[in-house]
Amino acid sequence: MLTIETVLDKVLAYNATANFDIIKKAYIFSREAHCSQRRIEGSPYIRHPLAVADTLADMKLDSATIAAGLLHDTVEDTGISANDIKALFGQEIAFLVDAVTKLSKVEFKTKEEAQAENFRKMLLAMSKDVRVILIKFADRLHNMRTLEHLAPEKQRRIAQETLDIYAPLANRLGIGWLRIEFEDLSFRVLMPDLYAELVEKVAKRREENEAYINEIIQLFYDRFGKAGIPAKIKGRVKHYYSIYQKMIRQKVPFEQVHDVIGIRIITDTLAHCYDILGIIHSLWPLVPGRFKDFISLPKSNMYQSLHTTVMGPSGERVEFQIRTKEMDAIAEEGIAAHWRYKEKDRTDKKNEQQVKWLRDLVKEISDAKEFLEAVKGEVVPDTVYVFTPGGDIKELPLDSTPVDFAYSIHSAVGDKCVGAKVNGRMVPLRYKLASGDVVEIVTSPNQTPSKDWLKFVVTQRAKSKIRQWTRAEERAKGIELGTRLLEDELRRHGLPISATLKSEKMEEVVKAYTLQSLEDLFVQIGYGKISAHQIVNRFMPERGHEEAQQAARPAKPARESKSSVITITGIDNVLYRLGKCCMPVPGDKVIGFITRGKGVTIHRADCRNVERMAEPNSRHIDVDWMEDAEGTSTTRIYIEALDKPGMLANLSAFISSENVNISSVKANSTHDKRAFIELALEVKNRSQLLSIMNKIRQMDGVLAVRR
Ligand code: MN
C-alpha cells in the first residue's frame, strides 16, 4: 500500500534538497482534515491525496507542488479555509490549492457547464501557473484509475471529459505518458467491448511478432556497436486508443493496421539520430510519405523525434522512432520536465526562459487549430460551443437555438428540422443552446421552415435561409389568393377569365403598375396592395376615365403592415378589416371572408352576421391572430347596471386602473332605474378583455356584462 514514506523516498531520489518537512506537514494536516471521510469504495480518504502526491513525485515536481497535491481537496471537502492554508503553508502552496479548488468547482458543474468553458478555465489557470494543471492531472488520473466504484453513467461522463479535455491538453503540454493513460482509461470505460477486443488482438500480434522484432533489435545492436553509436533499442506497442483512432481514420479493421508494433531507438546526440536514420534507410526501402523530421521541425508541444517506416526483412512494415535521451524525456514528460529539481528560484535566468516558454506554449495552444473554437470563448464571450453527436465543435453566437445549429450543418437539415435532442433530451426548437451541449437534430421530410422561427433564431445564415424560403412560400400563397380574388371579380362582371388574363390589355395593366408579370399582379392583389375591383374596372368600357387614371396608383392598404395582427393561411400584410359588428380582439376565434373589392373581413366566429355574410360569391378563409401581435384592438362591451350616482365614474376609474383606454362611452338610463352603458375599449387581447369583464361583473350595482 502506498504510504507517505514511499512518496518521500521518491522525491529524495531526484531531489535531495527538497523541503521534506513541508511535505510531511501537508500529509499530516490533510490526513487530519479528511479523517472522517472515506472514498466511495470505503478506504480512508487520505489515500486519494496521497496517490495524487505520488504521481506528482513521479513527475519529479517541486516540494510546493507535492504539498499542494496532498492538500488539494482540503478546502473543497472539509471545513478548512484558504486562509488557514496560507497561514500554515505560505502563499505559494495556498495559491496552488486555491486554484485547484476553483478548477474543481467548475468540474463539478459539468452537466450544465460547458466543456469548452472548462477547457478555457483550465487554460487560464495554467497560464498563471502550470503546476495547477499538473495537480489537476494527477487528481484526474487517480480518479480515472479508481473509476469502477462509481455509477456507470458517472463513469462515462468523467471518461468522456477526460478524453475530450484532459487527454488533448496533456498532449499539448507534451506529457506523452499521461495522454496515453488518459486515453486508454477513458477508452476502456466508453467502449468496453472494443477495448477488450483490442487488448486481446494486440497481445496476439505482439506474440506473433516478438521473435521478428527481437531479431531486428539484435541486428541493430550489432550495427550500432560497429559504428560506435550508443543506443537503447526497444520494441513498442501503440496504445489502444491510438490504434482505434487509426482504424476509424483509415476505415480499416485491426488486421489492416500496420504499425501496431514499432521500434524506438534512443541515442546520445542529435548527429547520431541522423546516422541511425541513414543505417535504417540503407538496410530496407522506406515507405513513401512516412518519413517525418520532428527534430528540425518540433511539434508545438516541443516533441522532437525522427519517424520513419520501412519495409522490413520479410516485407512487413516497421515504424521507427529515433531521438536523443533529452528528446525522449520531453516526449514523455513535456512541460513537467521544466519543473524538475526546481525549488523556489523563479528569478534566475533559466527560469525566466521557462516562464516565457510556457507563455508561448499557452499562446500556441490558443492558436492551435483543434482548440481554436474552445479558446475563443475567452476573446469572444458572446459565443457558445456546442458539439455534434460525432464530437465536432460548432461555434455559434450566444442565444443560438437548435434551428441555428441545424442551419450551420446544412440548409437541408435546417429546412427539415422538427425538433432537437440536447444531451439526449428533447428540447423545443426555441431552446437556447449552452456551451458544451451535445445537439442532435431531428428532421422530417414533411417539415418546412416556419416564419415563426425568425422570432428566435440569431444566426444570419438561419435568418436568410428561412426568409428565402418563406418569401417564396408567401409569394406562392399570394399568387393563389390574388388569382382567386381576381377571378371572382372577373366572373362577377361577366368577363371571360382565361381570355382576359391572357389579353394584351392585361399586359398593359401589368406595365401600368410597373410590375414584371401577371404573377406579380396576383401577388399584389393577394397582399391587398391592389384591389381586384380596380383591375376589373379597367376592362369595363362603360366605366369612367378618371377611375382608370386612379387605378395606376396602388391602393393604400387598409392597415399599416407593421401593426398587422392577422395572418391568412400563413401570409401577413394582407388587406383586411375587422368586422364592425363584432369587433374581434386577438384571442377571439375568428373567420375571414373574402369580400368583393375589399379584401378580407374578419369576424368573430360567433358573430351573428357570419351566417348572413355567407352570401354565394363570398368565400371564407382560415385566418389566425399573429402570435406576437402588439398594440391594441378596439372592441365594445355592454353593461347593465343599477342607475345610481357615481356608477359611471367608478367604472371608468376601475378600467383605467387596469391600464385600458376607453375610447367612447354611451349611457342611457331607463325609468326603472337601470343604466345601459356601452363602452369602446382598447384591449390587447381576449384574455385581458375577459378578465376586465369579470371584474366589472363583480362590481357593486352591476347586473350584466356582455360583448
Ligand atoms: Mn481530488
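Helices (H or I, at least four residues) and strands (E, at least two) are DSSP runs, numbered from the N terminus.

This is a predicted model, where local features need pLDDT of at least 70 and side-chain atom pairs count only at pLDDT 80 or more, while totals for chains, interfaces and linings use all residues. Residues are numbered from 1 along each chain as its sequence is written, and side-chain values use heavy atoms, with hydrogens and water left out.

**Entry 1: helix H17 and the sheet**

I looked up H17 (residues 402–409). Its buried residues are Pro402, Val403, Asp404, Phe405, Ala406 and Tyr407. That makes 6 of the 8 residues of H17, so the helix is largely enclosed by the rest of the structure.

Next I checked the open sheet, where 3 strands run in the order E9-E8-E10 with antiparallel pairing; strands pair if DSSP finds at least two bridges between them. E9 (425–427) and E10 (439–443) are the edge strands with a single partner each, so one side of each has no neighbour in the sheet. The twist averages 35 degrees from one strand to the next. H17 packs on this sheet and touches E8, E9 and E10, its direction making about 85 degrees with that of E10. Contact here means heavy atoms within 4.5 Å; axes are lines fitted to C-alpha atoms, for helices over the stretch in contact, and angles run from 0 to 180 degrees between N-to-C directions.

I then followed E8 (residues 417–422), which pairs with E9 over 3 bridges in the antiparallel sense. Ala420 has Val427 in E9 as its bridge partner.

**Entry 2: the manganese site**

Which residues hold the manganese ion? I found His48 (NE2), His72 (NE2), Asp73 (OD) and Asp139 (OD), at 2.2 to 2.3 Å. Donors are N, O and S atoms within 2.8 Å of the metal (3.2 Å for Na, K and Ca); water is not among the atoms, so sites may look incomplete. Along the chain, the donors of the manganese ion follow the spacing H-x23-H-D-x65-D. Asp73 sits in the loop between H4 and helix H5 (74–77) and Asp139 in helix H8, so the pair ties together parts that are 66 residues apart in sequence. Both are buried: Asp73 has a relative accessible area of 7%, and Asp139 comes out at 5%.

**Entry 3: the cores**

A nonpolar core is a set of buried Ala, Val, Leu, Ile, Met, Phe, Trp, Tyr and Cys residues joined through side-chain atoms within 4.5 Å. The largest one has 63 residues, and Val11, Leu56, Ile66, Ile85, Ile93, Leu134 and Phe137 touch the most other members. Among the helices giving it two or more residues are H1 (4–14), H3 (47–58) and H8 (130–145). Apart from it lies another core of 38 residues, including Ile229 and Ile280.

I also listed the contacts of Ile66, setting aside neighbours within four places in sequence: Val7, Val11, Tyr14, Ile23, Ala53, Leu56, Ala57 and Leu61.

**Entry 4: two spot checks**

Ala18 is in the loop between H1 and H2 and is buried at 10% relative accessibility. Its C-alpha is 5.9 Å from that of Ser63, 45 residues away along the chain.

Leu103 belongs to helix H6 and is buried, at 7% relative accessible area. From Leu103 to Ile133 I get 9.1 Å, C-alpha to C-alpha, across 30 residues in sequence.

Key
Buried means under 20% relative accessible area, exposed over 50%, partly exposed in between (1.4 Å probe, protein chains only).
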